[in-house]
Amino acid sequence: MTAALTKNFLPLCILSVLHVHAHEGAEVDKEGNRYLTQTQICEYVATDFDMEAVGRTVARNLQNLQSAGEAHPDLGFQLDYLSTDRRATGKAAAQQKDLLVHTGWRLVEDSGFETSEIRMLIDAALGSPMIPPNQIDQLVRRLAELAPDPIAIPNVMREGHLPVVNSQFFLNIELLNEAIQQHRYVTFILGAFDKNRKLSRTQPDGSTREYRMAPLQLLVSKGRCYFMAQTEHREEPIKFRVELMLDVQITEDAVPSEISAKDINVAKFREQHAYMMSGEVRPVKLRVSRDHLHAVYDQFGPNVHFFNEQEETIDVSLESAMYSVLFWALQYYRFVEVLEPVEWRKELERAGCSITQMYANAPGSVSLAERQ
């Protein structure tokens, strides 16, 4: 590298060293932040950029960068340093002056997140039933480092049992996201958890489910992550739980343009398929207790319309897949009535009769087949 390049690009090289080698700092403050010494910075500049940098030149550039970062926050970086007072010699000693010596430097990187935003992301990770414990710990630590202020991380250690998780979960996310970006088919095996909390490659009946799918999108619903995909023979998206997928691989085959061009509105899809069940989306009318409108928003989002307001109830119109409404109506049967479609009322009638028969008789008197 020429002398001109050395002089002009040294500040950028120093910033790069502070970023790349931050975790190798020899000096540590009370909060555990690591600082690179001036000697370390000189060495990394030499090894990373094949550039000779003397201590005095590096020190001057560090001070200039620190001043520039403070004076111009829009530059996007800020330098912090550790310092100590050192007894002066010569004229400074005669004037009884101590020297302020910088013992270490670090790049204070602003993630752009507020502490409250990082706290929400951490709580979402801790509350996820899909992520293996060791990966949660690593993820939470990395998120906490992005917060401007310290975060009191709650203790959510599972005691007495191992969680039911898939160690390939994050690898699946990475591969599926890549396949979506590249518009290429993916192959995988859909596993199932057994009574020993292990993810098996076979289903309870002993069969193996192998798939080759055109990827559409990923979405999260009710704490679970789903892979939305499609085949050439079916218009409606098919949904797979990512934590049940094994041996995900991206093929060399390109997805047809009529599929890859689809732009799935995941928010709308989630509202219309709240339990991620398949089925035709149809207009629905409900009668809901006025005290439980929050349950309507929780299930179907804000895209609902109210009419026929009474003292205790209000009617609601929306669009949804059948089982997203039926399961929810059974859950909130004390506060919700399905008015239309009539066929869905018949389904609920059959479900109610089956439930009544099951609990009005001795345990086990109604078989699984009779409940279908």
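Predicted model: local features only at pLDDT ≥ 70, side-chain atom pairs only at ≥ 80, totals over all residues.
A residue is called buried when its relative accessible area is under 20%, exposed when that area is over 50%, and partly exposed in between, using a 1.4 Å probe and counting protein chains only. With that term in hand, I turn to one helix, α11. Its buried residues are M322, S324, V325, L326, W328 and A329.

Residues are numbered from 1 along each chain as its sequence is written, and side-chain values use heavy atoms, with hydrogens and water left out.

Let me begin with the overall form. The protein has 13 helices and 15 strands; helices (H or I, at least four residues) and strands (E, at least two) are DSSP runs, numbered from the N terminus. The C-alpha trace spans about 100 × 55 × 45 Å along its principal axes. The radius of gyration is 30 Å, whereas a compact globule of 372 residues would have a value near 21 Å. That radius is taken over C-alpha atoms, and the globule rule is 2.2 Å times the number of residues to the power 0.38.

How much of the protein is buried? Of its 372 residues, 35% count as buried. The accessible surface comes to about 23,100 Å², and 50% of this belongs to carbon and sulfur atoms. Such areas come from the Shrake-Rupley method with a 1.4 Å probe; for residues, only the protein chains shown count as cover. Contact means heavy atoms within 4.5 Å. Among contacts with a separation of 6 or more, 61% are between residues 24 or more positions apart.

I now come to the interior. In soluble globular proteins, nonpolar side chains tend to be buried together. A nonpolar core is a set of buried Ala, Val, Leu, Ile, Met, Phe, Trp, Tyr and Cys residues joined through side-chain atoms within 4.5 Å. The largest core here has 29 residues, of which L176, F188, F227, F240, V242 and M245 touch the most other members. Several elements each supply at least two residues of this core, including α5 (115-126), β5 (184-190) and β9 (224-231). Helix α7 gives the most, with five residues. Apart from this core lies another, of 20 residues, among them I14, L15, L18 and L107.

Let us look at F188 in particular. Not counting residues up to four places away in sequence, F188 touches R209, E210, Y211, M213, F227, F240, M245, L246, D247 and V248.

Strand β9 also holds T231, which counts as buried at 18% relative accessibility. Leaving aside neighbours within four places in sequence, T231 is in contact with M213, I238 and I259.

Next, the charged side chains. A salt bridge is a side-chain nitrogen of Lys or Arg within 4 Å of a carboxyl oxygen of Asp or Glu. How many salt bridges does a search of the whole structure find? The search finds twelve. In one of them, the side chains of E243 and R224 meet at 2.9 Å, N to O. Because E243 lies in the loop between β10 and β11 and R224 in strand β9, the pair ties together parts that are 19 residues apart in sequence. E243 counts as buried at 2% relative accessibility, while R224 is partly exposed at 24%.

A further salt bridge joins R290 and E309, with the closest N and O atoms 2.4 Å apart. Here R290 counts as partly exposed at 34% relative accessibility, and E309 as exposed at 53%. The side chains of R345 and E337 also meet, at 3.0 Å, N to O. Salt bridges that share partners join R224, R241 and E243 into one network.

Finally, I return to α11. The buried residues of this helix pack against α9 (266-272), β12 (281-289), α10 (293-300), β14 (313-321), β15 (336-340) and α12. What lies on the surface? M277, Y323, F327, L330, I355 and Y359 make a nonpolar patch of about 550 Å². Patches are made of residues with over 30% relative accessible area and no salt bridge: like charges are joined within 9 Å, nonpolar side chains (Val, Leu, Ile, Met, Phe, Trp, Tyr) within 5 Å. The largest share of the patch, three residues, comes from α11. L330 is found in this helix and is partly exposed, with a relative accessible area of 33%. The C-alpha atoms of L330 and T231 are separated by 33 Å.
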